[in-house]
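Hi,

Here is the structure I promised to pass on.

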Amino acid sequence: MRWLTSPATETQVTHGQRLWLYVLSVVIMILLVVPTLIVIPMSFSDSQYLEFPPETWSTRWYQNYFGSAEWMLATRTSLKVAFLTMLVATPIGVLAAYGLHASQVAFVRIAFVLLITPMMVPIVLIAVGAFYAYVKLQILYTVTGLVLAHTVLALPLVVIVTGAALKGYDMSQEQAARSLGAPRWRAFLTVTLPQIKFAVVTSALLSFLTSFDEVIVAMFISGGDNPTLTRNMFNALRDQIDPTIASISTIMVLVTTGAMVLAQVFGQQRK
Amino acid sequence: MWQAAGPATGKEKDRVLSTANTQALPISVSHVTKTYGAVHALDDVSLEIESGEFLTLLGPSGSGKTTLLMVLAGFTRPDHGSLKFGDREVIRTPPHLRDVGMTFQSYALFPHMSVAGNVGYPLRLRNVPKAEIAERVAGALETVQLGGFGERRIDQLSGGQRQRVAVARAIVFEPRILLMDEPLSALDKKLRDQMQIELRSLHEKLGMTTVYVTHDQREALTMSDRIAVVNHGRIMQLATPRDLYEKPANRFVADFIGDSTFLPVTRRGQQIVFEDQPLNHAAPAPEAPSLLLMARPERIHLLTGTPQERMNTFEAVAQQVIYQGDSYLLNAQLHNGEIMSLRGAVRQGTVDGLPSEGDRIRLGLAPEDTVIIDGRES
């Protein structure tokens, strides 16, 4: 095979010598993706229980999901909370990243560490803390409470993603805009923001997914009139193992993948 | 030391006045100080810039010249001091209300807008009607010789073209003051020389008060009505290019502008002497604890016959000759060990006939070129 002996890059290394690398990469990709994909066939099973591979096929568990008021309520709550989290976390995080980038104050380093703390500490601590705080504040089992807690979890991602984009941005452009007559907020909106918009859209998407996928905090502070999808799935797994969860997972995988693909397409078009 | 800025003198003064635009504004900087920690970025700087003047802030990096420009633009708030544009105190005015055009070292063009989008930006901010924006953008692009480039993207432009777009954007809203931060430093030498002439004639045409920052002394000499030499956050000297070159106020200025040989000299009674040799000098020597003779290499003569009357002569031993194309540099060692450099034009493409290493030679310096300066660094 000529391909095996042709150079792989501008170096003299051939594809043949790189073969082990290709194999390893494929194995790693499979390990990453398969556990996610395995739920798809499981969701089309006709069995009462979760099983793999399924012996008989049906879409009854999808019908069960869409027909269940309980699941629909949880879905609405999850979507509502995720959407609101995105609306709250994105502007706050983008402004925080901008402030950290533009400021020369020494406090900036401390502020950055504080902002990304939720990413460092075990989430269960945040969950327990939020639970007791929310009991006192009487916002347990409310959308407000969930949005606040999920915003805390999403902020580090927004700050990091947007901050990275700002690092590659020439702040003298904003100075130029200001010297040309733009107040600072307008210089930001017309000059800086359009140039970091891909990072901002990515941040928004990540905030949405952070909330939508979140289970630990939701276990503690969601429920009552406002259970999240993930909470109900977790409870369902514990109480009755039925393939509805697999069909919900499949839908979630599709929604998530679709959103990521959209973001990629959006980013490609920009270049 | 800082010098209170006097009016420009002689010819240069006339040039300033003849181009002065009634629209231009004088700038008055007084006692401006800015410290970062223990470092004085600006140390009690005072400066009067005339209406319509082209003034250059010249200095090495870290001298404070850019900080001063940022104070003028409003991006740096000094610890204290006053800044007036005309009669208006602007020290507390934010940048966007100062109405100054500014160009940046990196050009700072907006890559997400077309050339016309960039140039029209300040007009859109001022709510100028669309038709008028198009007209004025086209006019500004014409002025910087980029007519018809409006629809181009920024990344399709060369460095020189970007520079012109930056200038067009800074002048399109007819500011009365134009600030330029090392606008040519990213261009290659040929283009830079050409742009220097272009920017200068643009200034003559528009007549706005221009403050230009550079570390390139030749650029400063070429373009400016007056030059303020800045070092350690202070203005070392403020003078016309000619005065700066001919009569530097101190060793730092003499060293920074052009090449020179410095010889330690002393005052003996009425005379200035170098190694017991009395010197003939045209201009009076300054009153200073230490004095130096400043000899510009192109003003030193290589003597063969009898020197002109009153010419100062120095015995020396020739060292190497350095061929530099348009000129040669001859280093000669005086008997006290100091090296004196002499620059001469290369004629008929040859440096034959110049002394070779070890030859005993005589150097001559006319009294007008025998400049005695303050030997201190500042």
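To start with one residue: does B:Thr370 count as buried or exposed, and why? Bear in mind that this is a predicted model. B:Thr370 counts as buried because its relative accessibility is 2%, and the cut-off for buried is under 20%. This residue sits in the loop that runs between β19 (360–365) and β20 (371–374) of chain B. Its side chain comes within reach of the backbone oxygen of B:Ala366, at 2.8 Å. Beyond its neighbours within four places in sequence, B:Thr370 is in contact with several residues, including B:Leu279, B:His281, B:Leu293 and B:Asn312.

Elsewhere in chain B, B:Phe256 belongs to helix α9 (residues 251–256). Not counting residues up to four places away in sequence, B:Phe256 touches B:Leu58, B:Gly59, B:Pro60, B:His215 and B:Gln217. B:His215 is 41 residues away along the chain, with 9.6 Å between the two C-alpha atoms.

Now to where the chains meet. Chain B contributes 22 residues to the contact and chain A 18 residues. About 1,600 Å² is buried between them, with 63% of that area coming from carbon and sulfur atoms. There are zero salt bridges between chain B and chain A, while seven residue pairs are in polar contact across the interface. On the side of chain B, the elements giving two or more residues are β6 (100–103), α3 (115–125) and α5 (159–171). Of these, α3(B) gives the most, with four residues. That side of chain B divides into 16 nonpolar, three polar and three charged residues.

Finally, chain A has domain 1 (2–60) and domain 2 (69–240), whose C-alpha centres lie 33 Å apart.

Best wishes

Note on methods: Residues numbered from 1 in each chain as written. Chains lettered and ligands numbered in written order. Predicted model: local features only at pLDDT ≥ 70, side-chain atom pairs only at ≥ 80, totals over all residues. Heavy atoms only, no water. Contact = heavy atoms within 4.5 Å. Buried < 20%, exposed > 50% of the residue type's maximum accessible area, 1.4 Å probe, protein only. Polar contact = N/O pair within 3.5 Å; in protein donor to acceptor, adjacent residues only side chain to side chain. Domains from an automatic or database assignment. Buried area = accessible area lost by both parts, 1.4 Å probe. Salt bridge = Lys/Arg side-chain N within 4 Å of Asp/Glu carboxyl O. Nonpolar A, V, L, I, M, F, W, Y, C, P; charged D, E, K, R; others polar.
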